[in-house]
Amino acid sequence: MDSASPAPMDSAPGAFWRTIDQAVLARALTCPSLNQRGQRQVAKTIETGIFLPVGNHGWIHSANSPAIEDGSFGRVLDITRRAELRGFDFALSPAIWRGRKGPTNHWMHALESITTSAALLQATDRIKVFATTHMVVYPPATIAKMVSTLDQIGPGRVGLNLVTGASYLDMSHVGLWNDDLDHDKRYDLGDEWISLVKQFWTDEIIDFKGEFFETDNGHMGPKPSKMPELVNAGSSDRGFRFAAENCDIAFTLANDEPKYLSTVRRTKEAARELGRTDLKTYGSITLVPAETDALAEARVKHFNDGVDSEAVLDIIAGYAQNKDAAKTGANSKFFTEGAPPQALMDGYMSGSYDTLAERLATIVNDGDLDGIMLIVPDYTKDLDAVTDHIFPKLAEYGVLTRVTPNE
């Protein structure tokens, strides 16, 4: 890592625990809390990550989005380094092929995920970096080779978010949409795709013949130092089966409202039913924090006052023009068709630090989550609020993280 990089985080065994108020921690460990169903909770440590804003305006579809989120590599690098120093476990970047219509030019300037991940791995020491790839775009051998190379840059810290692509507009305008593949067929291709990628990572000789791909006496090196972690956010029945059969982590849109909690719980239960007791489930959560509930709501109103309705409707249209739109899960769509356009994606949570800590703990405990991935409007000020004021309060509810507040 170059001399401009920040000093690595203290990794001594006791470093994390020294940063937590010992009285709060003692209460968390000795006085299990109750979840919404009255069941006693024991303290658990979850993994934490951030969904990187690699496109201009980040995740806020508004003329009033924080100007600092310009989607530049310099900004994304600064966010990732800050997250590493604070103790976040991972950073994940989306794959963006198309910006949005509308006056804000939302995501018209966006970084490519895999090459961005390579640079982030070079500039960091500890944090895991997840790239995103569309399995319908790249041949298995191409991604297998790319990820093996990423592992040379950041040994053991590479992950891959696998997506099939459900927005017709996002992919068709650059010639990447295949209308011959319906929803389930894309996942059939994905099953075969990841099977072949794993063989490139582990086997010396690969002879493969499937419906979509074929190799003859194939070989590839170097092999990754460890198997890269694989994640997927499929929320349809077929999509979740793909995650359970092929991945290490299943993402789901998370919120403490009943309709979201039931889906979160069902994800873990379905994994067990499929024999995947080791499949981890992470919640993808959008937070709008402030010192008080009223101030948080004022922030939401400010964003909505400047909502780029044309951009939001363009996103909705992208999924609607997919002939299998009815099968596309909520994790993919971001917004509800027919609802008034809003600046924040479905399922966001706003509130004071105390409010959001309690709501986050409810999601983790009642949803039996193993980790969370955060989206915030401002990845400097809001992540500071999360690490300094919200995460420390989670211990009161029996939830621990490896994130350290500013001293």
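Rings of Phe, Tyr and Trp (its six-membered ring) pair if their centres lie within 6.5 Å; planes under 30 degrees apart count as stacked, over 60 as edge-to-face and the rest as tilted. This is a predicted model, in which local features need pLDDT of at least 70 and side-chain atom pairs count only at pLDDT 80 or more, while totals for chains, interfaces and linings use all residues. Residues are numbered from 1 along each chain as its sequence is written, and side-chain values use heavy atoms, with hydrogens and water left out.

**Aromatic pairs**

The structure holds 9 aromatic pairs. Select Phe-90 and Tyr-282: their ring centres are 5.7 Å apart and their planes lie at 20°, so this pair is stacked. Phe-90 belongs to strand β3 (residues 90–92) and Tyr-282 to strand β10 (residues 280–290), so the pair ties together parts 192 residues apart in sequence. Strands here are DSSP runs of E, at least two residues long, and helices are runs of H or I, at least four, numbered from the N terminus.

Is Phe-90 buried or exposed? Phe-90 has 1% relative accessibility and counts as buried (under 20% relative accessible area; exposed is over 50%, partly exposed in between; 1.4 Å probe, protein chains only). Tyr-282 is also buried, at 1%.

**Two helices**

Next, select Leu-261, Val-264 and Arg-265 in α9. They meet Thr-362, Ile-363, Asp-366 and Gly-367 in α13, where contact means heavy atoms within 4.5 Å.
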